[in-house]
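Thanks for coming. Please have the viewer open.

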Amino acid sequence: MRMQHASPQPRAFRFWIVGAVVACLTFSVAADVVHLRNGKTLRGEVIKEDEEFVVVRVPYGEVKLRASDVESIDRQSAVEYHMDLGRQMLQEKQFDRAIRVFEEAYAANKTSPEAKRVLANAYSTASKQYRTLNRYREAREVLEKLQKLDPNSELVAHSAASDLWELRKLEQNLAQKMEEARATAQAKNWTLAIAQFEFIMSLSPDARATVSADLAQCYVGRASDEAQAKKIADATRDIENALKLDPTLADKLEKFYTSCALPAVLVALEHNDLANAQTDLKRVLAFAPTNRNVLYVAGRLNEALSQIPQAAEYYARALGTRVGNPTPEFVADLRRKLEADLDIHQNLWKVDTSISEIAGYAAATDGPAEKLETENFIIMHYNKNLADHVAETAEYHRTRILSELGFSTSWKGKVKIFIHRSQVEYTTRTGQPEWTGGCSKYSSLGGQITELQIHSWQTSPRLLKSVLPHEITHCIVYSNLPDPGNLPRSLHEGFAVLMEPPFRQDYFNDFLRSRMKSQDFIPLTDLISARDYPKDPEFFYAEGFAIIEYLTKTKGLPATTSLIKDATTPGYAAVEILKLSGAKSLDDLETDWRAWIMKLPETRGLVDKPAK
C-alpha cells in the first residue's frame, strides 16, 4: 500500500545534527571536503551555499549545515566527484548505484571521453555480473544502454549484440521451462508441477514474479485434493504455501483455510494438548481475526485455559453481542448459541473446500456512495455487505494495532474509508499506480493532522486481510508522529507490514532472501533517505519491513517504536537507528542486518511443525 500526502509540509532540505552525522560517515571517496570549526570534516557534494546554510549531498541524502559552523571548503568539480564516487561503488560491486552516478557524471559533461569510457566500462562490467547472477532483465537493460551510448563503435556493437543474443537464448530456455510446467499444472499433476516451478524460480530471480502465482495455484489445487482425501494437515500446509507465494489469494482462501486449519486445534483440545492448540490457533487467528468459526475455536481454547472472560469476549464477538457477566454459566450459554448458529454438533466440523470469489463484493449500488459510521470510522461504500465486513475488521485492527505498538490513543475524529466501485475508479480518484491495493492520505495544518483517509476498491484482493491493517497502521503512526512528514517512507511501510498477518510478512521475507542471493539489495543508506518508491516497490516494502523486524527482534518493539516518537526533525532517522541498534556506522549495521535476514527460516510452508 502506498501513502499519499494530501497536504505535505514544504521542506527544502534535510536537517541533521552536525556532530552526530559526521561521526556516522564511513565513506572516503574524494569529494568537496567541508572543514568544520569543531575539527571534523564532511565529504560530499556542496549543492547550495549562502550566508546562513551550506547543503551537502552525501550518498544517503543531504546534510544541512549552519554556515557559522563551517571553517572552509576544499572544492572538487561535480563531474570529478561523481567519477570518484562511481569508481568506489563499482569496486564495492554496487553496480546499480555506480551506474546511476556515472550516468550523472556523463550527463554533466557529454564531451568528456573519460566520462563516456568509464560509463561504458560500468555497463559492460555490470552486464557480466548480472549474467553470472542470472539477473537477465537487468543484464539486458544495461547492454541496451551500452549500445545507445556508443552506437558508432563496431567493437561495442559486436560485443553487445553477441551478449544480447546469449541472453535471449537463456530467456527462451526459461520461457520453455515455464510452458512445460504450466502444461503439467493443466493436467493437474500438482506435485510434479510444483517441483518444476520451484526449479524455475531457482534458475533466476526474474522468474519469481512470472511464476509465483502459477506455483501458488498448484499448491491450492493439491490442497483441494488433500482435503478431499481427508489429509487436512497437508492441505493446511499447502494453503499456507500458496499464501506465501501469492498474497492476493488471501480473501478467496479464508473459508478453505479455516475449514482445514481449525480441526487440528479442536483435536488438540480433546487431548488436552493446550500448548499445540495455542500454536495452531495463533496463525489462524492472525489470518482471520473476525471469522466466526475462528472466534468459536478461540473461545473453546480460552475455556480450556480457564480464561473465562476472554472466552466470553470471543463468543460475544462471533454472535455480535456484548459481554455481560462472564460467569462459566454465561459462557456456556453463549457457546451453545454459537454452536447452533454455526451448525456444530458434538465437535463435528464441516470441511468446506470451496474457494470464495471476491466477485461477490463487486455488486454496487447506483448513485452516490452510502455512509456507514462506526465509533472510529466513516465508511463510504456502494455495497452494504462489504461495508459491514470492513467496519468490523477496521475496528478490530485499530484496537489491536494500538495495543501492539503501545500507543494509548489513535486519531482525533474519525477516519474516512472510501471503498471505490472498481480498481479503475480507485486509481482515477487517488492518482495511485495499479500495483497498490490501497492507500492512506493525510491533511495537516501546523504539523497537526486534520483529516485521515483510507482508499481501496470493492474487489481489492487483500482488502480485508492486509490492506486495512496496513493502512490503519499508517493512520495511527501519522497521528503519533511529532511531525507527520519526518518518518522515512521506508520505515513507515515497515511498521505497516509489521502489523499485517504473518503470510504477508513471510511473502516479503521470502522475496528479499531470493533477491539477496543474487546480490540485489537496496543499501541501507538509500533505503532510509528514499523519498519515493523505486521502480520495484516490492523491494522497498520488503526491506522496510525487514529493518523494522530486525530492530524489533533484537531490541524489542517498545524500543523500536521510539523511531516514531522521536521523529522531531527531518533526517533524524539514521542517527536514531544507529543509537537504537548500537552499531558504529550504517555500513556495520547493514552487514549485521543482512546476515540476520539470511538466517531466517527458508523452508517452504508456514506451519512450523511437520504435517501429520
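Start with Phe-95, which lies in helix H3, residues 95-108. Helices (H or I, at least four residues) and strands (E, at least two) are DSSP runs, numbered from the N terminus. This is a predicted model, in which local features need pLDDT of at least 70 and side-chain atom pairs count only at pLDDT 80 or more, while totals for chains, interfaces and linings use all residues. Residues are numbered from 1 along each chain as its sequence is written, and side-chain values use heavy atoms, with hydrogens and water left out.

Is Phe-95 buried or exposed? At 8% relative accessibility, Phe-95 counts as buried. Buried means under 20% relative accessible area, exposed over 50%, and partly exposed in between, with a 1.4 Å probe and protein chains only.

Leaving aside residues up to four places away in sequence, Phe-95 touches Leu-90, Thr-125, Ala-126, Gln-129 and Tyr-130. A contact here is heavy atoms within 4.5 Å. Phe-95 and Gln-129 are 34 residues apart along the chain, and their C-alpha atoms are separated by 8.7 Å.

That brings us to helix H4, residues 113-132. H4 has 20 residues and reaches 29 Å from its first C-alpha to its last, close to the 28 Å expected at 1.5 Å a residue. The expected span is 1.5 Å times one less than the number of residues. After H4 comes Asn-134, with a positive phi near 60 degrees.

Two lysines also have positive phi. Lys-188 is not a glycine, yet its phi is about 65 degrees; it sits in the loop between helix H6 (154-186) and helix H7 (190-203). Its relative accessibility is 59%, so Lys-188 counts as exposed. Lys-230, also a residue other than glycine, has phi near 65 degrees and is placed in the loop between helix H8 (206-228) and helix H9 (232-245). With 71% relative accessibility, Lys-230 counts as exposed.

Now the aromatic rings. How many aromatic pairs does a search of the whole structure find? It finds 16. Rings of Phe, Tyr and Trp (its six-membered ring) pair if their centres lie within 6.5 Å; planes under 30 degrees apart count as stacked, over 60 as edge-to-face and the rest as tilted.

One of the pairs is Phe-377 with Trp-411, which is edge-to-face, at 5.5 Å centre to centre and 70 degrees between the planes. Phe-377 lies in strand E8 (residues 377-381) and Trp-411 in the loop between helix H15 (384-405) and strand E9 (415-420), so the pair ties together parts 34 residues apart in sequence. Phe-377 and Trp-411 are both buried.

A second pair is Tyr-426 with Trp-457: the ring centres are 5.1 Å apart and the planes are at 40 degrees, so this pair is tilted. Tyr-426 belongs to helix H16 (residues 423-430) and Trp-457 to strand E11 (residues 448-457), so parts 31 residues apart in sequence are tied together. Both Tyr-426 and Trp-457 are buried.

There is also one aromatic cluster formed by Trp-435, Tyr-507, Phe-508, Tyr-533, Phe-540 and Tyr-541.

Charges over rings come next. The charged end of Arg-421 sits over the ring of Tyr-382, 3.8 Å from its centre. For Lys-465 the ring is that of Phe-287, and the distance to its centre is 5.2 Å. The criterion is NZ of Lys or CZ of Arg within 6 Å of the ring centre and within 35 degrees of the ring normal.

The last helix to look at is H25, residues 586-598. In H25, the buried residues are Leu-586, Leu-589, Glu-590, Trp-593, Trp-596 and Ile-597. They cover an arc of only 130 degrees around the axis, which puts them on the same side of H25; the arc is taken from the directions from the helix axis to the C-beta atoms. They pack against helices H19 (502-517), H20 (524-529), H21 (537-555) and H24 (573-581).

Finally, the totals. The chain comes to 25 helices and 11 strands, and 54% of its 612 residues count as buried.
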